[in-house]
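Let's take a friendly look at the aromatic side chains of a protein. Keep the 3D view open while you read.

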Amino acid sequence: MAYRLTELAESLPSTVPFVGPEAQERLAGRVFKARLGANENVFGASPKALAALAEADHWAYADPESHDLRAALARHLGVGAENIVVGEGIDGLLGYLVRLIIGPGDAVVTSDGAYPTFNYHVAGYGGVLHKVPFAQDREDLPGLCEKAREVGAKLVYLANPDNPMGTWWRGEEIVEALSRLPDTCLLVLDEAYIECAPDAARAVIDIEDPRVIRMRTFSKAYGLAGARVGYGIGPAGLIEAFDKVRNHFGLGRGAQAAALAALEDQAHLDHVLAQIRRARAEIGEIAGANGLRALASATNFVAVDCGRDGAFATAVMKGLIERGIFVRMPGPAPQNRCIRISCGRDADLDLLRVVLPEVLADVKFS
Ligand SMILES: *Cc1c(COP(=O)(O)O)cnc(C)c1O
């Protein structure tokens, strides 16, 4: 063999953990009629953002400092531009963060069944993951702190609200939990869905608090998942460290311009949030009409409890997929009694209303 992977790369699994709906479509030889599996915002981005994307000078490299976008985010959040790093979605930023903090053998804590991309990066830099089960369908915040102390974790991950259950903790509970973390542990607070959540979910934390970095994104409520723009918010020293490892030209001009225009169109965001609330209620109603129970959601998706075990929920998910509705589900038990349905437009949910009873009838008789 002429090339030699590092020992670490050699040790990593070669299976790709991220199989998108496109791969499923290619395999099935047809496209999904409703795309409700990836928590994308099917209501779409601000028309101003789409115009900015179209009008950007794509022949030119973008500003590697994302100056205008960071300045606008700083104004929006009431922090300094030095407290914000912009990157290729939260996914990209999580990779940089883990690269900055975690080396081979370092301990990291997350919830079993929480966001897999974080775990992927931890494995990629040789970190050792310790997983804490969900408790009552929420990430177990006290349990995560306790585990972090027990294993001497350098990083602990919490999504608030979380994916895949859509549940959440109050901001003050997160602040209180910080005092129970070891001094040497950094909390990665993933707020991908914070725009969809009640105000009480927002933690009030001093921006220079060295114990926390927050991650947010334009992929969900702002409807720009395809443009890949996320941002980290945290103490200036930690934010500056990202310059050592980040891909400085990773964000295109179109992505930066679209995110800036989306941020400035808060009226569109409010409009989308109202559609999300309506769709959440409708998914709950469809679930109820079929004898299933929707969990209360603070996100743009709803976990629907199918009332039985993981095998049953898997059959329901597969039935929906076979009938053209892309959905996903949680991995570990007992959360795997649920399927996860992203908020959809009227046409998407009308289809769900027709198809779900057919699927349940099939599954119950097989
Ligand atoms: C969707 C999601 C992300 C992805 O964010 P990108 O900015 O698109 O990379 C991150 N965290 C959680 C919990 C998510 O559900």
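## A note on the model

What you see is a predicted model.

Val16, Phe18 and Tyr120 together make a nonpolar surface patch of about 310 Å². Of these residues, Tyr120 sits in helix H6, which covers residues 116-124. Tyr120 counts as partly exposed because its relative accessibility is 46%, and that class lies between the limits of 20% and 50%.

## Rings that pair up

A pair of aromatic rings is described by the distance of the centres and the angle of the planes. The structure holds seven aromatic pairs. One of them is formed by Tyr193 and Phe301: it is edge-to-face, with 5.3 Å centre to centre and 75° between the planes. This pair links distant parts of the chain, as the two residues are 108 residues apart. Tyr193 belongs to the loop between strand S6 (186-190) and strand S7 (212-217), while Phe301 is in strand S10 (residues 301-305).

The cut-off for buried is under 20%.

Elsewhere, ring pairs join Phe218, Tyr222 and Tyr231 into a cluster.

## Charges over rings

Now look for arginines above ring faces. Arg138 lies over the face of Trp169, 3.5 Å from the ring centre. Arg308 lies over the face of Phe312, at 4.2 Å from the ring centre.

How values were computed. Residues numbered from 1 in each chain as written. Predicted model: local features only at pLDDT ≥ 70, side-chain atom pairs only at ≥ 80, totals over all residues. Heavy atoms only, no water. Patch = residues over 30% accessible without salt bridge, like charges linked within 9 Å, V, L, I, M, F, W, Y side chains within 5 Å. Areas by Shrake-Rupley, 256 points an atom, 1.4 Å probe, with all protein chains shown as cover. Salt bridge = Lys/Arg side-chain N within 4 Å of Asp/Glu carboxyl O. Helix = DSSP H or I, 4+ residues; strand = E, 2+ residues; numbered from the N terminus. Buried < 20%, exposed > 50% of the residue type's maximum accessible area, 1.4 Å probe, protein only. Phe/Tyr/Trp six-rings, centres within 6.5 Å; stacked < 30°, edge-to-face > 60°. Lys NZ or Arg CZ within 6 Å of the ring centre and 35° of its normal.
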